[in-house]
Amino acid sequence: MTASAAPDRAYARSIRLSVAPMMDWTDSHCRAFHRVLAPNARLYTEMVHANAVIHGDRGRLLAMDASEHPVALQLGGSEPALLAQAARIGAEWGFDEINLNCGCPSDRVQAGRFGACLMREPALVADGVAAMIAACDVPVTVKCRLGVDDDHEYERFAAFIDTVAQAGCRTFVVHARNAWLQGLSPKENREVPPLRYDWAYRLKRERPALTIVVNGGIAAQDEATRHLDHVDGAMLGRAAYHDPYLLHRLDVAWYGGELRTRAELLRAYRPYVEAQLARGVFLKHITRHVLGLFAGERGGRAFRQVLSEGAHKPGADWSLIERALGLTEEGLRSDAA
Ligand SMILES: Cc1cc2nc3c(=O)[nH]c(=O)nc-3n(C[C@H](O)[C@H](O)[C@H](O)COP(=O)(O)O)c2cc1C
């Protein structure tokens, strides 16, 4: 057995804070924005099926900006030879980690025999992971659930982890709830099955050599920080997307540095935005990811409104963002007065 590329200190550091892979959300524009907010976090792509990596439009599917590192490519699939080929391509395209999705519960994914239903096929996952490790020289990691449907035995979950770890996987991101494969939509599957962080904690206690990242329902700074007493990292999904300033606060709290204002951070994103506009990207494809920046702030509504109403118009450019910021700052000032 060959182990996945040994996690070095930089890896251990960046795994502390990560942003979850999210289909339709964590595209390259989104990740470049999150990178500005959280210079030290580890970022993940949307899931891309191994077949798509091999046969699809790589320029689009594997688009990545140089600022994004460290960034992991998340693969879907279960056929070891295809996973290996896709992992090799991902590493060649510059991704810093290849992550295998063993947590997605959608019908489409089940029909394709990948995602969460792989929790029931540890030997197949182990074969896939071994093939990926042999094919590339970046860490190969797995994102999984606790189990599927009515799996309620910790031992079964731990046996899954052990089988995959024996194939060389050293890092597991545990979305700490089951996936219910019948009767729940993917959205409900992120909310209804109860969270059991204690399983992830126990895994780390019993298998200290493995890197364990906990995910699921983490929505506040103190809550995220408490997880670090038990595991190696916390991965945030929806909260990071809907309230991206939380990422900045976590990055500063955990890695150091000065807290910057929301407006400063957005302006630091400007060079990326201008470069994308110059390449013909429409502003709306970028601004949709920043709408939550002022979430919970007085000016937040005006900010969202200006961007939502203007970003799809022909010729929309950075000046729209400045207008949104101006109104928001005005709202904040009148609030303070
Ligand atoms: C819109 C959306 C898309 C998602 N797509 C993926 C995906 O492609 N791969 C994956 O492993 N998980 C995906 N997830 C699940 C998240 O990675 C994460 O495990 C889940 O949202 C729980 O974390 P949270 O409570 O912090 O959001 C998605 C979640 C959302 C909200």
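**Ligand shell, domain arrangement and helix packing**

The shell around the ligand comprises ten nonpolar, eight polar and five charged residues, where Ala, Val, Leu, Ile, Met, Phe, Trp, Tyr, Cys and Pro count as nonpolar, Asp, Glu, Lys and Arg as charged, and the others, Gly among them, as polar. The structure is a predicted model, in which local features need pLDDT of at least 70 and side-chain atom pairs count only at pLDDT 80 or more, whereas totals for chains, interfaces and linings use all residues. Residues are numbered from 1 along each chain as its sequence is written. In total, 23 residues surround the ligand, the closest being Ala 20, Met 22, Met 47, Gly 237 and Arg 238; a residue is near a molecule or strand if its C-beta atom, placed from the backbone, lies within 6 Å of it. Strand 2 (42-49) and helix 11 (238-242) are the elements that contribute two or more residues to this shell. Helices (H or I, at least four residues) and strands (E, at least two) are DSSP runs numbered from the N terminus.

The protein is divided into domain 1 (9-255) and domain 2 (262-336), with bounds from an automatic or database domain assignment. The centres of the two domains, taken over C-alpha atoms, are separated by 30 Å. Contact between them involves 14 residues of domain 1 and 14 residues of domain 2, two residues being in contact if their C-beta atoms, placed from the backbone, lie within 7 Å. On the side of domain 1 that touches domain 2, helix 2 (28-37), helix 11 and helix 12 (245-255) each supply at least two residues. Helix 2 gives the most, with six residues. This side of domain 1 has eight nonpolar, four polar and two charged residues.

Two helix pairs were examined. The axes of helix 7 (residues 122-135) and helix 8 come within 8 Å and cross at roughly 25 degrees; axes are lines fitted to C-alpha atoms, for helices over the stretch in contact, and angles run from 0 to 180 degrees between N-to-C directions. Helix 7 and helix 8 are therefore roughly parallel to each other, given that angles under 35 degrees count as roughly parallel, over 145 as roughly antiparallel, 65 to 115 as roughly perpendicular and the rest as oblique.

The axes of helix 8 (residues 154-166) and helix 9 (residues 197-206) come within 11 Å and cross at roughly 50 degrees. Helix 8 and helix 9 are therefore oblique to each other.
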